[in-house]
Amino acid sequence: MTDAQMITPENLPLAQLSKSSSAHKFSHGHALILSGGVGQGGAARLAARGALRIGAGVVTLGCPPAALLENAMALDAVMTRKVADGKALTEMLRDDRISALCIGPGLGTSDERRSLIAAGLKSGRAMVLDADALTLIGRDKTLFGLLHPGCVLTPHHGEFARLFPDLSAPDTISKTEATKQAAARAGCTILYKGADTVIADPDGKVSVNAATGDQAAPWLATAGSGDVLAGFITGLLARGFAPMQAATTGAWLHTQAARSFGPGLIAEDLTEELPKVFRALGF
């Protein structure tokens with residue numbers, strides 16, 4: 001049985017969420033969220049707002065040129081840029097101020113989308129890989145081989161099973177042990193979503209965010225909530241949190257925002273509720 005630490009406010013780096021009164025926006029990092037094409041940008045926009053709300057100083061949404069106007073009309077504080085393919089992303093990442101990436105929500109699974117993942121991974125930037133990115137990594141051993149310690153993978157059960165089929169049978173291995181072994185194999189942090197979200201890093205540390213019992217948040221079972229979580233983690237990575245810290249802190253704040261809002265929650269509410277959670281924490 002794997003020893004796992006239950007996530008509580010006392011073992012999270014919550015003090016790092018506060019901002020210095022003398023800092024400027026780039027002091028708190030620049031997060032880049034990559035989107036899919038026309039009509040497929042909603043998930044990435046949810047992630048972008050999550051990254052901005054959790055405190056990244058600057059957030060940019062990169063999308064195919066045809067989708068730029070659609071995304072620009074739906075976003076205000078989040079900037080938009082044309083990012084057509086991996087070559088364009090590599091050029092954009094010449095800007096060293098971009099400190100974290102999020103690839104996957106609403107991305108699509110074409111060859112152009114695959115090239116974005118490869119370019120992002122080759123950059124060595126801290127990054128969250130979610131949704132369609134996990135599907136592509138599960139299909140392509142070359143992409144899997146590019147994973148590095150700055151990555152956070154955020155699979156739900158089906159995505160975990162596609163990435164690690166031999167670790168996905170609950171009758172043969174516990175979820176905590178499966179996540180620990182998956183993180184060691186991938187060489188990066190794994191956040192295995194669920195009511196009991198398990199997070200493990202490649203060094204063998206395992207934490208559990210249990211949204212059960214008196215901490216239950218059943219309202220999180222709504223479309224887009226995982227995209228917001230990906231944005232929370234990306235924003236924390238952009239601010240300088242280590243991958244395991246970003247994943248555990250993001251997961252806990254995600255649950256607290258849901259519990260603060262309560263019944264009737266939709267994904268957009270999570271970002272809007274977060275300031276109330278911050279105020280309750282004294283920030």
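How many aromatic pairs does the structure hold? I looked, and there are four, with rings of Phe, Tyr and Trp (its six-membered ring) pairing if their centres lie within 6.5 Å.

Housekeeping: this is a predicted model, so I kept local features to pLDDT of at least 70 and side-chain atom pairs to pLDDT 80 or more, while totals for chains, interfaces and linings use all residues. Residues are numbered from 1 along each chain as its sequence is written, and side-chain values use heavy atoms, with hydrogens and water left out.

Rings, entry one. I checked F144 and F164: centres 6.0 Å apart, planes at 75 degrees, so edge-to-face (planes over 60 degrees apart; under 30 is stacked, the rest tilted). F144 is in helix α6 (residues 141–145) and F164 in the loop between α7 (157–163) and α8 (175–186), 20 residues apart. Helices here are DSSP runs of H or I, at least four residues, numbered from the N terminus. F164 is buried at 1% relative accessibility (buried is under 20%, exposed over 50%, partly exposed in between, with a 1.4 Å probe and protein chains only).

Entry two. F278 and F283 are edge-to-face as well, with centres 6.3 Å apart and planes at 70 degrees. F278 is buried at 15%, whereas F283 is partly exposed at 39%.

I found F144, F160, F164 and Y192 in one aromatic cluster. The charged end of K175 sits over the Y192 ring, 4.5 Å from its centre (NZ of Lys or CZ of Arg within 6 Å of the ring centre and within 35 degrees of the ring normal).

Key:
Helix = DSSP H or I, 4+ residues; strand = E, 2+ residues; numbered from the N terminus.
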